[in-house]
Every structure is written in C-alpha cells, then in structure tokens.
Amino acid sequence: MAIPPDPAAARRSVIHDIGYRKYDGPRLGEAYTWRTLYELGARHCFGLGRAARYKVLPMMLLAIMLLPALIIVGVQVMVDIDEQVLPYSRYAVIMQLVISVFVAVQAPALISRDLRYRVITLYLARPLRVDTYVYARVAALATGLLVLTGLPLLLLYAGSLLSGLSPGSETTDLLTGLLGVLILSLMLACVGAVVSAMTTRRGFAIAAIITALVMSYTVGATVQGIADEQGETDVAGYAGLLSPFTLVDGIQVALLDAEASTPEGPPGVAGGLVFLAVALAVVVGSMVLLLWRYRKVAGR
Amino acid sequence: MSLIATRGLTKSFPQVTALDALTIDVGAGVTGLVGANGAGKSTLIKILLGLLPSTSGSASVLDLDVDRQGTQIRARVGYMPEHDCLPPDVSATELIVHLARISGLPPDAARERSADVLRHVGLAEERYRPIGGYSTGMRQRVKLAQALVHDPELVFLDEPTNGLDPLGRDEMLTLIRRIGTEFGIAVLVTSHLLGELERTSDSIIVIDAGRLLRASETAEFTQTTGLLTVEVQDLDGGNSRDRLGRALAEKGLRVMPSGGLLQVEIVDESTYDVVRDLVADLGLGLVRLQQARHRIEDIFTVDYAAEGVPHGDPT
C-alpha cells in the first residue's frame, strides 16, 4: 500500500542557505599532520589515489623490479634447485638502473613540485613546522623505495620456502637483504630529495639524479676494476664508497657476511664500519642541507 | 582588544630595511593595509605568521608572541599569499581537503568544511577539475578558500584582487566584506590601491618604506582624500597647471600638483563649479575633470597653499 505523501511535510522541506558555519570540532596535533603528509606522499610514490596517468610509470617500474624475482621463483619451483639462485643482498645492485629511474622520477614529483608551484607557502602557513614537512616528505620517498626494493626480496623468500630451502638460513639472508635495502632506500631518498630541493625544474632534477646515480656507479666500478688489476685491494675496496649501491653492498659483505657484488668488498670489519659511517654521514648531511634550504624558503 | 599589535617592529635585510620601527594595532572587522609595492606589507605578514624573524621590536597576534608561538598562531590564522601557489595537477576539492587536514581537521570534518568553504567562495562544478585549467578569478577563490577552510579567527589576505578584472575585483571585495561581517572573521587585507579598500575596510593603515604613514577609521580617510583630478591645457602654451593651481588656492581650496595634473580637494558639490568657472575665466582648455582614484601617492604630494614651498603630508 502506497503511503500518501504528506502535503504538510512537503511544504516544510525547503532548502535554506545556512550561511557560514563555525567549526568547533577537534583540531589534531602535529603527529596527525605528519601522518597525513607522510601517508599521502607514500601513496603518491605509486600514483595511488591519483589519476591513472600518474600510476603508469611507477607501477611499470615496480613490475620490472618484480619480474626477475618472479622468473627465479618459477624456475626454482619447477627445477628443484637446492640453493638460492640470486642472493637477496645482490638484487638491488643488479636492478639499480630501475631503482635509479624510480628515484629520478618520484623525488622531483614529491619535492620539487611544492617548491616550483610554491605550494610550500600554503603548507608552512599552517601549524606545521618546516622540519616536520621535510621529514614527512623524505620518509614518504624512502617508504616508496623500500616497497620497490623490498617486495622482490619477499617474493624470492616465498619462492625459496616453497621449493624447500632451509627456512632458517633463508630468513637470516632475507633479513640481511632487507636491512640493506632499508639503508639504500634512506640514502637514495635523501640524495634524491637534496637534488630535487635545489632545483625547481622537474626535468632538470630528473636528469641530475639519473646522471649522479649512474655516473657514481660507473666511476666506482671503473676505479675498482683498475685498482683490482693493479693488486691495490684496499683502494678497490674503498672505491665501493662512490656509489650508494656498492656502499650498501659493502656494508652487507663486511658486516653481515653477504655475498659481494663487486670484485672487492671493504677491507675487513673496520672497512665495513667506515662504509656504515659514510652511509650515516650521507643521510645526516642531506637532512642538514634540506632543513637549511627549507628554512630559507620559509622566510620568503 | 587588538588582535594584532606591533611595537617598534623592525626588519632589516642586507640591502634594505623592510620595516622601520612599525607600531600598529589592528582590531576586529576588516582592516586595510595600504602601501606601494615594496612598502613592507608582505614582510609584515610573514613576520606576523611567525615565518620570518624580526630584527628588533615585538609583535603579537591573538595575544600570542610571533617569535615563540608561531605554530599556535598559524593554527588560528588563515593566509592567502599574494603570488600564485596552487599545484596544477589536483582539483580544488582535493587540495582544500588536504590542506584542511594539514591544519589539523579530522578527515570527515576536512571534507565537510571544504565543500562549505568552496561554496562560499563561489566555486561550483569546476572544483572537481584540475586547478591547472582555472582562470585567475577561480585561482584567487581557491587561494581564499584554503585560507578559510580551518575556520580561522583572523585571515591575512595579501593583494587578493591582484590580476582580477573589474568585475572579479568587485566580487572579491564583496566576499572580503562578507568574511569580516557575516563570517565573523577578522581580516587584514593589503592593497596598493587605497580607493579599492576604502569601501571594504572598517579601518585603514597606510605604510610606506616600512614606516607607519597613517592609521585611522575609513570614514575619516575618505573625507580627506576626496580628490578631484583636473587636467587643463593652455592654448597659448603657458604653464596652465600652475596658473589654475594658484587661482584655486586663492579661492581657499587645497590643491596639489601631481605630474601634469592637479589634485583638488573636494569640499562639497560647489568645488566642481569653482573649478569649472576658474578654468573658463583663465581661458584654459579643460581636458579632464574626474573624481580621483585614490592611490597611495595622494597622501604625500606637495601643497600649493604653502606658497611654493613643497612639504609632505597635506593633513
């Protein structure tokens, strides 16, 4: 049975312009602001929550990163191999070009964009301190990189367990690899952020980052090759410091007993500690530079 | 109670002194901050937001100290920058919701307030499109919306009419008036055009080269700056401007030369007749007779009454 419309009610329901409404709800603190900025940044690294065209490149790079791991797992499961084909700790060094492209594309998108369009002014006019903004942006970029470099390792790990490799040693190796990509992600995020913050031109930042990462590895590998030929093993070892990829590799080799990707790792534990100190210096130094740069921007 | 108070506020940059011992008080309602480009308006706002440290002196906003409590100030204040500051690749809605959250509003409240505020500034369906395709007028509205989204107690609007056409300018000024009255948010709005702010503001502060030139209620201001611009031409090639100037001064009017023009203070309706008659008597050609569009320069031009000895500030 249909309910007859109540003419009185129909007359009563009119749209009012309610005018300006005050807000007296909660205003959350800096921890919430930090999380908002961080989460959005990390999602934007892969174009999540954005239009499809922002997803294409990062998702493609992620797919390329995962492809070798996928193939290895497939072979492993089918052809019963009783040893890890590719050590976890070496994956990032082998795939470094893909990782470099990711940094070169996403660091400027996350860092230069706000400076280029001066959106930073709108952020800093809010109860958000400059330092919080910088930490949230770098952390977001590092998280994006960690997903990119860590996901293939987890895939390899799953494959190894499926093909019946010893869970004990595999877990240790995986943790070594994950620690390595964590340090690598932090370093690359810092370096990428510094370059992006110094230039507001996106294209320029992309070129600068790619060049810096590829060149540093090429120079490092060349020096290492020549020194190794000449029997200068110490020089060859320390040449690994020149590129973030070989730097992390050195830390894993000297301190975590991983398999080397370079002809010569750092000389002994002492060398490993030097490598670790340099990695730390890169991160801290980059943060100091970034904070200095943004504090100057804030006053403009 | 004053919402903004500065005492001997000074800001020196290596090349220039932007603010020179500035002491002002700003109360509720709409306050116009007028000054030529480079007078120190934007520097003052940056200091009041706690983003730029002052060289000496002190300033407080909502009874909070700008040097030590900048974060608390920025939680309760909104800021619309002078320059373009919008990312082209997101929609107005996305941007405003995000910035509302950065101001500390929980996600639901941020969405609700954004929709409200975008409606108030007059952005309709286009708010879902990327900002890159917006006109200047729409961009100014988005900038205004982000300054209001967290319901501040006070907003700083830096040259909000910049780049707008006359219609857009009027709409923006009407909107600013509404913010000060209906919305109940105190407004400090800057402009380099005095005439633009006098019908919008309750009081006006004029600064020049970082110093306070004048602060008063708008009503007082309009009275003394009611000026008539007169341009005359002498067919015989004499100095028509000064001849008319002296003649007007003899009639007891305040007259100031301004380039090739004369600025005549309007006493009442009869001023127009006096000017017309004198021009006719002197046999000059009247090129222009126009109610002046008040600019900051009007306040410090020379005065004929002082017998050829120019001195500043006719008041």
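Analyst: Of the 315 residues in chain B, 43% are buried. Keep in mind that we're looking at a predicted model. Chain B is built from ten helices and 14 strands. Take the contacts in chain B with a separation of 6 or more: 68% of them come from residues 24 or more positions apart.

Let's go to the open sheet of chain B. Six strands make it up, in the order β6-β7-β8-β3-β9-β10, and their pairing is mixed. Which strands stand at the edges? They're β6 (77–80) and β10 (211–217) of chain B; each has a single partner strand, so one side of each has no neighbour in the sheet. On average, neighbouring strands here are turned by 15° against each other, ignoring direction. As background, strands of a sheet pair through backbone hydrogen bonds, in either a parallel or an antiparallel way.

β6(B) pairs with β7(B), residues 154–157, in the parallel sense, over four bridges. To see one such pairing, find Tyr79(B): its bridge partner in β7(B) is Phe156(B). Helix α5 of chain B, residues 136–148, packs on this sheet and touches β6 and β7 of chain B. The direction of α5(B) makes about 165° with that of β6(B). Another helix, α6 of chain B (residues 166–180), packs on the sheet too, touching β3 (30–34), β7 and β8 (186–191) of chain B. Its direction makes about 150° with that of β8(B).

Most residues other than glycine have a negative phi. Asp151(B) isn't a glycine, yet its phi is positive, at about 50°. You'll find Asp151(B) in the loop between α5 and β7 of chain B. Is Asp151(B) buried or exposed? It counts as buried, because 24 C-beta neighbours lie inside 10 Å and the cut-off for buried is 20 or more.

Ala209(B) is another residue other than glycine with a positive phi, near 50°. It sits in the loop between β9 (203–208) and β10 of chain B. Ala209(B) has 15 other C-beta atoms within 10 Å, so it is partly exposed.

Strands β4 (residues 56–61) and β5 (residues 64–65) of chain B run antiparallel, with two bridges joining them. Ser60(B) has Asp65(B) as its bridge partner in β5(B). Two residues lie between the strands of this hairpin, and Leu62(B) takes a positive phi near 50° there.

β4(B) also pairs with β1(B), residues 4–12: five bridges join these antiparallel strands. Look for Thr6(B), whose bridge partner in β4(B) is Ala59(B). Arg7(B) has its place in strand β1 of chain B as well. It is partly exposed, because 13 other C-beta atoms lie within 10 Å. Leaving out residues up to four places away in sequence, Arg7(B) touches Thr23(B), Gly57(B) and Ser58(B). Arg7(B) and Ser56(B) are 49 residues apart in sequence, with 9.3 Å between their C-alpha atoms.

Methods. Residues are numbered from 1 along each chain as its sequence is written. Chains are lettered from A and ligands numbered from 1 in the order in which they are written. This is a predicted model: local features need pLDDT of at least 70, side-chain atom pairs count only at pLDDT 80 or more; totals for chains, interfaces and linings use all residues. Two strands pair if DSSP finds at least two bridges between them. A residue is buried if 20 or more other C-beta atoms lie within 10 Å of its own, exposed if 12 or fewer, and partly exposed in between; C-beta atoms are placed from the backbone. Two residues are in contact if their C-beta atoms, placed from the backbone, lie within 7 Å. Axes are lines fitted to C-alpha atoms, for helices over the stretch in contact, and angles run from 0 to 180 degrees between N-to-C directions.
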